[in-house]
Amino acid sequence: MRLKIIVFFVFLYTASFAQKKAPDNWFNLDPTENNVNGVSTEKVYKTLLNGKHGMPVIVAVIDGGVDAEHEDLKSVMWTNAREIAGNSVDDDKNGYIDDIHGWNFLGGADGRSVNHETLETTRLYSRLKPKYENADSTKLSGKDRMEYSQYISAKKEIQANVEESKTELAQMEGTKEVIHKSLNALQTALNGQSLTMENVAKLKSGGNQDLAIAQKIVNRMFDQGETPKSVDELRKYFDEQLQEGIDHFDTKIKYQYNPDYHIREEIVKDDPNNFDQHFYGNNDVKGPDAMHGTHVAGIIGAARDNNKGIKGVADNVRIMSVRVVPDGDERDKDIANGIRYAVDNGALVINMSFGKGFSQNKNAVDQAVKYAADHDVLLVHAAGNDSKDNDDKNNHNYPNARFEKHGWFSPKKAKNWIEVGALSWKKGEEAIAPFSNYGAKEVDVFSPGVDIHSTTPDNTYKDLSGTSMASPVTAGVAALIRSYFPELTAVQVKACIENSVVKHNYKVKKPGTEELVDFSQLCKTSGVVNAYEAVKLAATMKGKRKISAPKA
């Protein structure tokens, strides 16, 4: 590997090491009082909602799994009171046996669960390969010609991504090796001295390239105000960061772009293309990797009164875990069934912090979205993390609010859907998360999504960033409104959130660029979700919903 590639990776990871830390609990703080782009959660509880009590609201977290036993979540998990735990009987006759805290549509009858999965492109290629692998393209016509074109496109995409991933993986592994050698050389040269700028500056590399690279790493960190305490601390940090990258590209090669990987057939044993099939899976709502879903659940409703961990946005929720998202692309069948399960079991808000660039069966998901609308359920969805304009027809983020099929007089978009972009805690031109998707038409609001501290499996906590974090902040605000103003419909709650945003009239960096644009160009409402303003507005609205007690 060439030295300049190594130095690039070193600078990349030292920059992330040295990043300024966000204020604690910033997503719940107030923009004026605390000078961060929070949603004023603490303010609204201390003022407008002080002394008031809401009704419990079930929020479904359709994700990769939730740790229902987490110390900060177990008191707020939805528990199906109509089901007797552990008796292997479908007591409530809803088709799902022992669904105590939700359901796992990626599970098998033997208790196992799918973790890694292929991408939609890979599945399309696998489906079409037997038909077109040896086909004579000159003799194809009509639908077959279109499918053949999809097959060739998918094949090229898979081959290109596998080769790119192999290159990236080799670079990551090479970088890890070089950094290890460099830090070992530094530790040897220090010979027991502490890791300080002065001690490192005194060292003479004498042509030792490993030591020279280590000096560059440490000098860069010190220049940025960081003070690593030891070489071991640096080694641990780089190992963690680089291993994430190594695992990422290894997963792409072994699973996501591997046409011969068919783990679902072995575990779930359903027909993924049979959308009339609803009753499959198991009740393991945590699954093999619940990091993402547990983090999302905590943002929405981690207990606010237990003096542990963090405080979620909503204070009276019941978190329902619906597992449909593997490490790979989620299947449209599972998304549709997940939405229907949540609706049928009493969820009033559904958070969907996932997305993909290609959908083979979007209409099935659209029908589930309409089902949710018919039952007055609000859907909150992450806009995506590709720094792309969702208004551009060439940029796809599925699922989305636009219906694939609609009549002349039927709606083109779901009215019970909120699309959320990610906001940084920083103000001014860096307010928008640099990774966030955006769109003046397709993204409704922005919400905190950078350095969000929340729950992670096994009673741990971690900072994560993404529109995946921004969506549950908004879902939490929606749940709060539905709790204290239960007479408002899903459509009214959406309007309440959108019409009460804090407007940002200054210029910000367009995600993925250094170009300064008006905030109004990046989302429909030109603003940021705010719980305080939303509650003020909700108090003035006349509800249209008939209130009934939620399912336990």
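The following dialogue examines how terms are applied to selected parts of a predicted model.

Visitor: What makes a local feature or a side-chain atom pair count in this predicted model?

Guide: In this predicted model, local features need pLDDT of at least 70 and side-chain atom pairs count only at pLDDT 80 or more, while totals for chains, interfaces and linings use all residues. Residues are numbered from 1 along each chain as its sequence is written, and side-chain values use heavy atoms, with hydrogens and water left out.

Visitor: Why is helix H14 called largely enclosed by the rest of the structure?

Guide: Helices (H or I, at least four residues) and strands (E, at least two) are DSSP runs, numbered from the N terminus. Buried means under 20% relative accessible area, exposed over 50%, and partly exposed in between (1.4 Å probe, protein chains only). Helix H14 spans residues 490-499, and because seven of its ten residues are buried, the helix is largely enclosed. The buried residues are Ala 490, Gln 492, Val 493, Lys 494, Cys 496, Ile 497 and Glu 498.

Visitor: What covers the buried residues of H14?

Guide: The cover includes strands E5 (378-382), E6 (417-423) and E7 (445-448), together with helices H13 (467-484) and H15 (531-538).

Visitor: How do you know that both faces of E5 are covered?

Guide: In a regular strand the side chains alternate between the two faces of the sheet. In E5, Leu 378, Val 380 and Ala 382 lie on one side, Leu 379 and His 381 on the other, and all are buried.

Visitor: Which strands pair with E5, and how many bridges join them?

Guide: Two strands pair if DSSP finds at least two bridges between them. Four bridges join E4 (residues 349-352) to E5 in parallel, and four join E5 to E6, also in parallel. Ile 350 stands opposite Leu 379 in E5. The chain passes from E4 through helix H12 (residues 362-374) to E5 in a right-handed β-α-β crossover; that is, with the strands pointing away from the viewer, the path from the first strand over the helix to the second runs clockwise. On the E6 side, Ala 382 stands opposite Val 420.

Visitor: Why is Glu 117 called buried?

Guide: Glu 117 has 3% relative accessibility, so it counts as buried. Its place is in the loop between strand E2 (102-104) and helix H4 (120-132).

Visitor: What makes a polar contact of the pair Glu 117 and Arg 331?

Guide: A polar contact is a pair of N or O atoms within 3.5 Å; within protein, one must be able to donate a hydrogen and the other to accept it, and residues adjacent in sequence count only if both atoms are side-chain atoms. The side chains of Glu 117 and Arg 331 make such a contact at 3.1 Å.

Visitor: How do you know that Cys 496 is in no disulfide?

Guide: A disulfide is a pair of cysteine sulfur atoms within 2.5 Å. The structure holds zero disulfides. For Cys 496, the nearest cysteine sulfur, that of Cys 523, is 16 Å away. Cys 496 counts as buried because its relative accessibility is 0%, and Cys 523 likewise counts as buried, at 1%.

Definitions and conventions: Contact means heavy atoms within 4.5 Å.
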